[in-house]
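Subject: The structure I promised you

Hello,

Here is the structure we talked about, along with some notes from going through it. Please open it next to this email and follow along.

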Amino acid sequence: MKPLPMLDVAAVRAQFPIFETTAHGLPLIYLDSAASTQQPTTVIAAVNDYHRQSHANIHRGVYQLSQTATRLYEEARLTVARFLNAADPAECVFTRGATESINLVAACWGATHLQPGDEIILSTLEHHSNIVPWQLVAEKTGAQIRVIPINDAGEIQLDAYRQLLSPRTRLVAVNQVSNALGTINPVREIIAAAHAAGAVVLIDGAQWIAHGVTDVQELDADFYVFSGHKLYGPTGIGVLYGKRHLLDAMPPYQGGGDMIEQVTFAQTTYAPLPSKYEAGTPNISGAVGLAAAIDWIQAIGLAQISAHEQRLLQHATARLSAISGLEIKGTAQHKSGVVSWIVVDPPLATLDIGTQLDLRGICIRTGHHCCQPLMDRFGIAATARASFGVYNNLDDIDRLAAALTDIIAAARAKQSHPSAKSSQSPPLQKGGWGDFKLTAAASPTAAANEIAEVFEFLPDWSMRHQHVIDLGDKLPPMPEELKTAATAVHGCQSTVHIAARIAPGTTDIIEFIADSDANLVRGLIALLQQIYSGQPAAAILAFDAEAFFARIGLDQHLSMSRRNGLAAMVQRVRALAQQVVGE
């Protein structure tokens, strides 16, 4: 077979306005396409043109503008149907995304077909959106969930899967590609085996749809779901493909306008497919943008996109594998453009890796990637992940590898430096709190003002970030004996423990010690200690922490998950203060 010509990445990249911007004054390197792809000008223009020239509500208006909007919306459905090779455009239902599509099937198909003792088979590789909806319906129906194991490379164990199949199996739901590892699953074999056992199959194609050809008839998938924002399209739009006989037999998902045929107070009859599942005014511009994205992808060619991304994957795997102290997680034989890793020598929290890369203009994803059971399988809390799109080039990967090499080298030098340990506060007495004592400010507000003065002196986030890291380096280590399930703080993607108490000899003074595996979080803990530890319970409750964090800019530079983690730590301290005040 003749090899495909090299993709003109520069020409492709020029179609994405986002790459005209910078990050922290540096050229933007975007390596988070598994979360959301960027949008080319043609998609942005299609959505913009719709809003400027064609916007109206659809299906019911007799005026020309409404008919134009209706035509654009239904033409988008035709585009999706051709893209998937669906037998009938009515089998393609517009949703808000893959998550809503799965929830729709779980609620409508699952609730009517599952009974106590029935079994749902998922895989260890699943995203939470392909786990939680099935847990919800299992709780309601009495069905049981069975899980396909994976090997150490992150590959589904097909023999174990076949052994799980039984006359009790009603549904198998697996992803085509793992968002956390990039594993490409053998979905044809999975579907064929499930059908032989009499089960229905749902394929989560969110991570595949932009990387290879999808033919739902060839796959023989019963349900297939994907999201527009992973396909170079807008957010808030997705597709549920379902075989017509299955969709026809399912009850509606939501009630309202456009999904009805006739309504009386005595009885309602429902519209035919696909309107039956599209209650209310849909995301019309999103559908238009999705169609434009599909046209754009097909103009380049999925075969050429796939070949380009495989070159990126091979280069990234080679470059990152060569970095001392770095371990790649997910080494399946068949992978999409995803590389996940941890740093073990010296141990670095993925949060710190991601933050350091951000300061270098490089965007990656860190955390559990909504795959906590998968992280548990590997015995880790999180990974750092780089995922590639059609606009990435080898230079992006080389910059990532160089930055990681520098970050690890700096951490190693810091760890081995003779002054590294002496710069920290002395550890607490082994066995508990010991002689723990912090010099408390006059009030939380006074402490906050001191912190704010320092932050105002530092001109940018890079310097403020380093200041927070330095504070974390001086944080007294928390005794291991105090790191228990009771002191663990949930809601943080890092490991965090907080132990709080009423200071000895007082009735209302709160003290706390805390620790985390992430340097940035240790710095945030140090800020909280400066504000709260040694303060009366009433003063702690009166202090507006959220306003203070906004004052020093943390609301702008911390991710939502990190802000949630910070809020969880504050809540832990406030809970003890509230208990004291209540007494």
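This is a predicted model: local features need pLDDT of at least 70, side-chain atom pairs count only at pLDDT 80 or more; totals for chains, interfaces and linings use all residues.

Let me begin at a proline: Pro274 sits in the loop between β12 (268–270) and α10.

Pro346 belongs to the loop between β14 (338–344) and β15 (347–348). While you are checking the backbone, have a look at His24 too: this residue is not a glycine, yet its phi is positive, at about 55 degrees. You will find His24 in the loop between β1 and β2 (26–27).

Now to the sheets. One of them is an open, mixed sheet of 7 strands, in the order β4-β10-β9-β8-β7-β5-β6. Its edges are β4 (92–95) and β6 (144–148); each has a single partner strand, so one side of each has no neighbour in the sheet. On average, neighbouring strands here are turned by 20 degrees against each other, with direction ignored.

Within that sheet, β9 (residues 223–227) and β10 (residues 238–242) are antiparallel partners, joined over 5 bridges. Ser227, for instance, has Gly238 in β10 as its bridge partner. Helix α3 lies across β4, β9 and β10, and runs at about 120 degrees to β4. Helix α4 also packs on the sheet, where it touches β4, β7 (169–175), β8 (200–204), β9 and β10, and its direction makes about 150 degrees with that of β9.

Which helix does α3 (residues 64–84) approach to within 9 Å, axis to axis? The partner is α10 (residues 284–300), and the two axes cross at roughly 40 degrees. That angle makes α3 oblique to α10, and the crossing is left-handed. On the α3 side the contact is made by Ala69, Leu72, Tyr73, Ala76, Thr79, Val80 and Phe83, while α10 brings Ile284, Ala287, Val288, Leu290, Ala291, Ile294, Asp295 and Gln298. By kind, the residues of this contact are 12 nonpolar, 2 polar and 1 charged.

As for α4 (residues 98–113), its partner is α5 (residues 132–141): they pack at an angle of about 20 degrees, and their axes are 9 Å apart. Angles under 35 degrees count as roughly parallel, and α4 is therefore roughly parallel to α5. In this case the crossing is right-handed. Ile102, Asn103, Val105, Ala106, Gly110 and Ala111 of α4 meet Pro133, Trp134, Val137 and Thr141 of α5. The contact of α4 with α5 divides into 7 nonpolar and 3 polar residues, with no charged ones.

One more helix pair deserves a look. The axes of α11 (residues 302–321) and α14 come within 10 Å and cross at roughly 20 degrees, which makes α11 roughly parallel to α14. Here α11 passes α14 in a right-handed crossing. From α11, the residues Arg311, Leu312, His315, Ala316, Arg319 and Leu320 meet Leu394, Ile397, Asp398, Leu400, Ala401, Ala402 and Leu404 of α14. This contact holds 9 nonpolar residues, 1 polar and 3 charged.

On to the aromatic rings, of which the structure holds 12 pairs. Take Phe16 and Tyr391: their ring centres are 4.8 Å apart and their planes stand at 80 degrees, so the pair is edge-to-face. The two residues are 375 residues apart, and the pair links distant parts of the chain: Phe16 lies in the loop between α1 (9–13) and β1 (22–23), Tyr391 in the loop between β18 (383–387) and α14 (394–416).

Strand β20 (residues 509–516) is antiparallel to β21, and the two pair over 2 bridges; Ile510 stands opposite Gln535 in β21.

How values were computed:
Residues are numbered from 1 along each chain as its sequence is written. Side-chain values use heavy atoms; hydrogens and water are left out. Two strands pair if DSSP finds at least two bridges between them. Helices (H or I, at least four residues) and strands (E, at least two) are DSSP runs, numbered from the N terminus. Axes are lines fitted to C-alpha atoms, for helices over the stretch in contact, and angles run from 0 to 180 degrees between N-to-C directions. Angles under 35 degrees count as roughly parallel, over 145 as roughly antiparallel, 65 to 115 as roughly perpendicular and the rest as oblique. A crossing is left-handed if the near helix is turned anticlockwise from the far one by less than a right angle, and right-handed if clockwise. Contact means heavy atoms within 4.5 Å. Ala, Val, Leu, Ile, Met, Phe, Trp, Tyr, Cys and Pro count as nonpolar, Asp, Glu, Lys and Arg as charged, and the others, Gly among them, as polar. Rings of Phe, Tyr and Trp (its six-membered ring) pair if their centres lie within 6.5 Å; planes under 30 degrees apart count as stacked, over 60 as edge-to-face and the rest as tilted.
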